[in-house]
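We will go from stop to stop, selecting as we go.

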Amino acid sequence: MEIKKFKIILLLSFVGTLLFMFSCAPKAKLTAIKPAEVAMPGVKTLAILPFKGKYGDLVREEFYSKLDEVKHFTLQDLRYNEALDKIQWEQMDDPRFVPAFAEIQADAAIAGYVVGKIRDIKGYDQVQMKEGTGRYRKVKRKNIFTGKTEIVDEEIMKTVLKKVPYIVRTASLTASIKVIDLKTRKILATKQVTESFKQKYGGKEAAQGGFLGIFGGGNSIEQVPTSEETMSLLAQKIASKLVAKIAPTKYTIEVELDKSGPSYVKKGVKLAEKGDWEGAMEMWSAVLEGDPHCAPALYDLGVAYEARGDLKSLLKAKDLFVKASRYGDKDIYIEAKVRIKRKIRDAQKLRKQKYLLKKAPERRAPTGGVQVY
């Protein structure tokens, strides 16, 4: 028992050291907007048609909800439309069904088709496990708390093979969408996305535990989710991907700050970690007034401009990252230059998409005005 306590103490100490090592580098969370993968000029109001397939309603519900949060289109929910319900997925762009779309007061309509499957594979792992024999022996052991050597009873263990049941849950979901221009009756975009799931529950990993045998290393069979929960998880991921295809979406990344150099650089980092970017920028700017070649201050100031997100600020951040990499050779400076180029391209693409959207003529819709980023 004493040895077990000692192992736990050593493990916790080791884990604490690891956490300290990996938490030393200060991080900042930056939010940005990724432009739609497919530009749809002139589409302000979007009608969401029924999604076909066994899991169509599940994906459509998640898709509608996430698209509504984005606030890029004015949405119309046409889930319960008898005329549209009769149209098959393959017939969405068939001219014979034009009358069915005539009454839709939207610029475009989107339809979907969803295919999914889920399967559980059951089996057994042969696992070596220690088992008590019911027999004991006297052993000498040092008490780590008192430092004294004691004689204690220790149960004699034996190694046995046991069959441990497991379940492997596999699932996949594929959604295809078509965006139809209701003015020209042409297909604006066709996209398909797939998500899969594979997880083992029970078996060897759960029986033997995880890291050094102290913490659990696997999911138990009792943790197997219901089929509905698994498919719902995939539907959420599918919906996020579909929304990103046709609308700008927000995302968050963690960026490392550089706290080396003068004390004002460190003070600026502390302010940035608290969300006070303006105060942090003042600190780093003060450093650069005295030393224009201070790479950490140049880099951190670049991150601050990157955090603003607008195109002008991103271009300023790029200039600062280039200077930081000129006067310093840290990997984070190089990574920042690559990252900011991608963000500038995204910002330019997003600006163009917004311009084309504003240029489009207004169309009267059942609900209020159009909201865009």
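## Stop 1: a pocket

Start at the second largest pocket, which holds about 340 Å³ of space. A pocket here is an open set of points on a 1 Å grid over the protein atoms alone, with protein on both sides within 12 Å along at least five of seven lines. Grid points are joined across faces, edges and corners, and a volume is the space filled by probe spheres set on the points.

This is a predicted model: local features need pLDDT of at least 70, side-chain atom pairs count only at pLDDT 80 or more, and totals for chains, interfaces and linings use all residues. Residues are numbered from 1 along each chain as its sequence is written, and side-chain values use heavy atoms, with hydrogens and water left out.

Now select Ile33, Gly309, Asp310, Ala347 and Leu350. Of the 19 residues lining the second largest pocket, these lie nearest its centre. A lining residue has an atom within 4 Å of a point. Next, colour β1 (27-34), β7 (249-256), α9 (295-308), α10 (311-327) and α11: these elements each give two or more residues to the lining of this pocket. Helices (H or I, at least four residues) and strands (E, at least two) are DSSP runs, numbered from the N terminus. Which element gives the largest share of the lining of the second largest pocket? It is α11, with 6 residues.

Colour this lining by class. It has 8 nonpolar, 2 polar and 9 charged residues. Ala, Val, Leu, Ile, Met, Phe, Trp, Tyr, Cys and Pro count as nonpolar; Asp, Glu, Lys and Arg count as charged; the others, Gly among them, are polar.

## Stop 2: a cavity

Stay with helix α11 (residues 331-359), which also gives the largest share of the lining of the largest cavity, 3 residues. A cavity is a set of points where a 1.4 Å probe fits but cannot get out. The count is 2 cavities of 30 Å³ or more. The largest cavity holds about 110 Å³ of space.

Select Ala39, Met40, Pro41, His72 and Gln353. They lie nearest the centre of the largest cavity, among its 13 lining residues. That lining has 11 nonpolar residues, 2 polar and no charged.

## Stop 3: the sheet

Zoom out. The protein has 11 helices and 7 strands. Now show the open sheet of 5 strands, in the order β3-β2-β4-β5-β6, with mixed pairing. Its edge strands are β3 (74-77) and β6 (187-202), and each pairs on one side only. The twist averages 30 degrees from one strand to the next. Axes are lines fitted to C-alpha atoms, for helices over the stretch in contact, and angles run from 0 to 180 degrees between N-to-C directions.

Walk across the pairs. Two strands pair if DSSP finds at least two bridges between them.

- β2 (residues 45-52) and β4 (residues 108-142) run parallel, joined by 5 bridges. Select Ile48, which stands opposite Ile110 in β4.
- β4 and β5 pair in the antiparallel sense over 32 bridges. Here Arg119 stands opposite Thr170 in β5.
- β5 and β6 are antiparallel too, over 15 bridges. Ala175 has Val193 in β6 as its bridge partner.

β4 and β5 also form a hairpin with 6 residues between them. Select Gly147 in the turn: its phi is positive, about 80 degrees.

## Stop 4

Select Ile167, in strand β5 (residues 149-181). Is Ile167 buried or exposed? It is buried, because its relative accessible area is 13%. Buried means under 20%, exposed over 50%, and partly exposed in between (1.4 Å probe, protein chains only).

Beyond its neighbours within four places in sequence, Ile167 contacts Asp120, Ile121, Lys122, Gln199, Lys200, Tyr201, Ile221 and Val224. Contact means heavy atoms within 4.5 Å. Ile221 is 54 residues from Ile167 in sequence, yet their C-alpha atoms are 6.8 Å apart.

## Stop 5: two loop residues

Most residues other than glycine have a negative phi. Now select Lys71, in the loop between α2 and β3. Its phi is positive, near 60 degrees. Lys71 is partly exposed, at 36% relative accessible area.

Finish at Arg185, in the loop between β5 and β6. Arg185 also has a positive phi, near 60 degrees. At 26% relative accessibility, Arg185 is partly exposed.
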